[in-house]
Amino acid sequence: MSAPANTRERTSFLLSVLSNPMGLIAALILLAMVLVAIFAPLIAPFEPNAVQIFKVNAAPGNGYLLGGDGSGRDIFSRLVYGARNTFLGALVAVTVAGVLGVTGGLFAGYYGKTFDTVSGWIADGLMALPAIIVLLALFQALGSSIYLSMAVFGVMLSPGFFRLTRNLVRGVKHELYIDAARVAGLSDIRIILRHILLVIRAPVVIQVSIVAGIAIVIQAGLEFLGLGDSNVPTWGGMLQDAFANLYVAPKSVYWPGLAISFTVASLVLLANAIRDRMQRGDAAPRAAKLPPAPTSVTAPLPADKDALLQVQDLVVGYPDRAGWKPVVKGVSLTLKRGEIFGLVGESGSGKTQTAFSVLGLLSTGGRVLSGSIRFDGDEITGLSEAQRHALRGKRIAYVPQEPMSNLDPSFKIGFQLVEPMVTVLGISKAEAKARALQLLARVGLPDPERVFRSYPHEISGGMAQRVLIAGAVSCNPDLLIADEPTTALDVTVQMEVLELMRDLQAEFGMSIILVTHNFGVVADMCDTVAVMKDGQIVETASADALFADPQHDYTKMLLGSVLEDPETRSYRAPEESAA
Amino acid sequence: MIGYLLKRAGFGLALLIVMSTITFFLVFSGTERVAANILGDNASDADIAALTTELGIDRPMLVQYGEWMGGALTGDLGRAWTTPGSVTEILARRLPVTLSIVGTAVVVMALVSAVLGITAAVRGGWADRLIQLVSVIGFAIPNFWLGLMLVVLFALNLRLLPATGYVSFSTSPLGWLAAVTLPVTALVLGGIASASQQVRGAVIDALSQDYVRTLRARGVRSASILYRHALRNAMPAALTVLSVQFIALLGGAAIIERVFAIPGLGELTVRSAIVGDVPVLMGVVVAMIIVVILVNMVIDVVNAWVNPKVRLK
């Protein structure tokens, strides 16, 4: 990355933060405050400590813009001078916290080991006590200089920077470009300076904003308690004076508090604007700004008695910055009763999204934009969420890809089997338990009682997948949608699970949609196959016909790659299933 | 489980000894002016020297430390320098006051943050924007200034609630409620600002897990998915927030007690800091560390109870 490009990128980042109205307002307020602090002698009409004895607790007027304080000093002038001390104090705290925390975090994250452990303990220790209590306890040792107190406070704030930096560094440490830099012979220091600081820059700026806000509030708190130099005009000190005169001149408490609040709010809003800018890359616009989702225009096919599921011209889209981005683009398929239907394609081809739209479980934001889904003769795209809910579990079931992440880690397996049965079938808990134990035995688990009592992390991936299959068939569904059900499993377990699904299909008289990228699985299991590419079905045929005589070039290419390298993309991550 | 608790307790004890040792050397290194401070401007040098000897602060630090730690291990934290009575007695009188305020604040904060955070996570839209507004306001308004404004509004103008003072719950529950309402309100806003955001994040995170889709596919009701499954899994994150916020509230109470003239630990700390009553300050630090450790242990137990992975470790 060349230097000019870097500068331009930084400038445009800054500009886009400022193009956010909140960010701009916050930056302007802060700029104004800093200017006031710098040019305080030019702005303040009076010396901050100049006393006019007849203006003690005076109302605004007679030259005192906001009135006089408890000693007859001009509140407005003290407010202006107070900005100086506030910003300097915050600067001291932020500098100490930032330098200590970021340096420590870089070392702990980059080198790990003992330094990481020990500095983690120190960070924990520093956060175990309320900072203000520590600062109070050290008051006699530190003396009345607020800057010394703020430096100590900076030490106590450093864990925030430390944790942030450490976690960010650990996150990027094993990225390929860092490895590449290391292989290229760059020294650690160069790598840290060139690559890692780039990653942590924006989060650290956000943290600086937040910590500056905290520092300003705590500093004012200490001064309010009387732990500052009474000759220096400070916002906290002014609040102390206003507090002492609360019954005489209650309005004096407004101004210093407003000054603190506006400053701190500006810092937070600026931090939010930077955060929003950082997250904007993947964020979708609000639903209100999207064009309305187009509604179904195609007339659905007439109901076919032999078909359990008829999908016609299905379009599924997700919102992005430009509007609706289709991921499924006009898919049509017909699933006969008792059939196993393979939906094959590369990842990103839209096969999983097609399956989820049949379940009515698209991820957040996703929507069926047009087309028709007819289940057992009835159109289901227009149904309410409650009506879709009534179908799920009872008539349409789902077996996921990744067994471990699809069981709730906080509940025992027994509960996770019993709860849906009680809800969907309306049977008692005891009946559901008996049925769950039968099913666990049926899916080939040797000790159903033990599995029933176990938590998900206590069983293997293969066992977990059997549990999920047991759960899916527990309410006698007509249609089972299996999304890559064997991809995450050991090779040996894969065959057993497929066999189990085939047996259950015959036993329960289900139809199955099997989403997979694995032609071996297709050949083994499926009656009919549809090949998907880029959101569309390019070819549908019986499994035998597809393997014997593929029509579409893409199908030929996929089949060809399987023949050249039968292991391609299958049998991924056996170690996960061992967990 | 018991082994786990013993381990946590041992870790807490180690933390207590290390932290109190560090604090001792920091705090006792600033005692040169203390005798003069206590005696005031008119004291003679001889008087100051006599008091310095009487307090024992002319001896080497290590000797003072040995004496203090020896006493501390048997529950004797020494005598206060500027008020009559032993430090332990003073703390026993002050601590319940602070804990009743901080404890109430923690409960209020947890309830409000849970409701706000869950609503924002599930509903989005207006609830999301409300929570963002609350988080900026809560962060930007210092709790003691809010306290002052509440006093001006409710005590001076509307005359609804007392501006200052404290009534213990056992004396008069209603009097206690009236006394703590304004301080607790002033104290919790900042905590709610921070905690509700984090509850929102934890719930959104839990709801986006794979098993939530699978549970929905099984026909489990949305209410059960949210309140039973998602909340249970969001609990560890929420409990961590609670333990961080508890410490923040303890600190906040120090200033709030000053505003409302509540005779708690915070008010004691401020007064002792200004006059330099070092044994009392040490006592306050020790008491706070113990409270923080105990609260964290309770949180660990709850965490182990909700989270089977922790429990089995």
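Patches here are built from residues with over 30% relative accessible area and no salt bridge, joining like charges within 9 Å and nonpolar side chains (Val, Leu, Ile, Met, Phe, Trp, Tyr) within 5 Å. A salt bridge means a side-chain nitrogen of Lys or Arg within 4 Å of a carboxyl oxygen of Asp or Glu, and accessible areas come from Shrake-Rupley with a 1.4 Å probe, with only the protein chains shown counting as cover for residues. The model is predicted, so local features need pLDDT of at least 70 and side-chain atom pairs pLDDT 80 or more, while totals for chains, interfaces and linings use all residues. Residues are numbered from 1 along each chain, chains are lettered from A, and side-chain values use heavy atoms, leaving out hydrogens and water.

On chain A, a nonpolar surface patch of about 820 Å² turns up, with A:Leu24, A:Leu35, A:Phe39 and A:Ile43 among its members. Helices α2 (21-38) and α3 (40-43) of chain A each give two or more residues to this patch; helices are DSSP runs (H or I, at least four residues), and strands likewise (E, at least two). The largest share, six residues, comes from α2(A). A:Leu35 sits in that helix and, at 38% relative accessibility, counts as partly exposed (between buried, under 20%, and exposed, over 50%).

Strand β4 (residues 367-375) of chain A is mostly covered, with seven of its nine residues buried. Strand β1 (residues 307-320) of chain A runs antiparallel to β4(A), joined by seven bridges (pairing takes at least two DSSP bridges).

Key:
Buried < 20%, exposed > 50% of the residue type's maximum accessible area, 1.4 Å probe, protein only.
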